[in-house]
Amino acid sequence: MLLPLCKVRTTLLELSYMKLDTLITIIRTHHVTSMIVILFYMYIIFTKRFEKSSEPRSSKYKLKLPKTPHLTLYEKDIKNRQIFIIGDVHGCLEELEDLLVLANYESDKILLIFVGDLVNKGPHSVQTLRKVRELNAYAVRGNHEEIALVQYMTWWNGEVVTPRKCSWTTELNEDEVDFLQELPYTIEIPSKNALIVHGGIVPGVSLENQNLTHFISMRSLQTIGEKLIASPRTFIGKPWASFWSGPRHVYFGHDAARSLQQYPYATGLDTRCLYGGFISGIFLDSNKILQIRAKLVHQKPKIKTE
């Protein structure tokens, strides 16, 4: 007999995260016809969920777009709370928790927004991701969220996760993968005239027409003729934020080499916590910056800081 539809659907959710050897064992011990149906639907789930994007607008990692690439927060979302924006965490959970204590965080009084790179390289990526979800915080996606998704797909497909910094992705559950997949590239807060992004934004180009890779990887801009050319490198051109003239104030991360950046219309919050610096956050209304020093050097920086 075929499994009831409700049982098939439940089993699919479980199977969609099983490794190949586990599936083979199940096939050997269950009704073959039932398993054919299950595996057929599981194949559909997998291809829809993890297929590379064929859309003309995607980042360099070729992931499918989130349902809302550019999220807007309104008063109904803010609920009269203070907004506290936090820089790159990279799995430095203890420092994040200390920063929340310093900020006197209470969920009904403070809304948290992260600038991306919650994970990778640091000591507690899975726990940090779970903490952010527990806090009901908002976050934009960084390059390391996309790297993590690519490596998770690699592991799911039966291959070895090669970068050591991504080994934690094998511990993710379905909801956590969905959370990463649906992180937006930008978050806009019209009432605060604010925009949050991980990497950068090219001036004079609308959000809808930006190269998605710039949102997660850009650090610098250089002028070639009359054009501004984006670069992920720190020592080519000048900081992209130095070109940004508003009107929205942009809060971003990703540029650990330059650490805290403060321009009239842009604030960079990657202050090298991973490399022994600080984890930083800023209150939007007061522009007050809070910092917690890293407990140790979690990773030695390279010349090209990613």
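Gly 200 touches His 214, Phe 215, Met 218 and Trp 240, leaving aside residues up to four places away in sequence; contact here means heavy atoms within 4.5 Å. Gly 200 sits in the loop between strand S6 (194–197) and helix H9 (212–217). Its relative accessible area is 0%, so Gly 200 is buried, the term standing for under 20% relative accessible area, with exposed over 50% and partly exposed in between (1.4 Å probe, protein chains only). The C-alpha atom of Gly 200 is separated by 8.3 Å from that of Ser 220, 20 residues apart along the chain.

The model is predicted: local features need pLDDT of at least 70, side-chain atom pairs count only at pLDDT 80 or more, and totals for chains, interfaces and linings use all residues. Residues are numbered from 1 along each chain as its sequence is written, and side-chain values use heavy atoms, with hydrogens and water left out.

The protein chain contains 9 helices and 14 strands; these are DSSP runs numbered from the N terminus, helices being H or I of at least four residues and strands E of at least two. Of its 306 residues, 51% are buried. Among contacts in the chain with a separation of 6 or more, 64% are between residues 24 or more positions apart.

An open sheet of 5 strands runs in the order S4-S3-S2-S13-S14, with mixed pairing; two strands pair if DSSP finds at least two bridges between them. Strand S4 (138–139) and strand S14 (289–293) are at the edges with a single partner strand each, so one side of each has no neighbour in the sheet. Strand S13 (residues 278–283) is antiparallel to S14 and joined to it by 5 bridges. Ser 280 stands opposite Gln 291 in S14.

Helix H5 lies across strand S2 (82–86), strand S3 (110–114), S13 and S14, at about 140 degrees to S14. Axes are lines fitted to C-alpha atoms, for helices over the stretch in contact, and angles run from 0 to 180 degrees between N-to-C directions. The axes of H5 (residues 93–102) and helix H6 (residues 125–134) come within 9 Å and cross at roughly 30 degrees. H5 and H6 are therefore roughly parallel, a label for angles under 35 degrees. Leu 93, Leu 96, Glu 97 and Leu 100 of H5 meet Gln 127, Thr 128 and Lys 131 of H6 in this contact.

In helix H8 (residues 174–181), the buried residues include Val 177, Phe 179 and Leu 180.

Definitions and conventions
Parallel < 35°, antiparallel > 145°, perpendicular 65-115°, else oblique.
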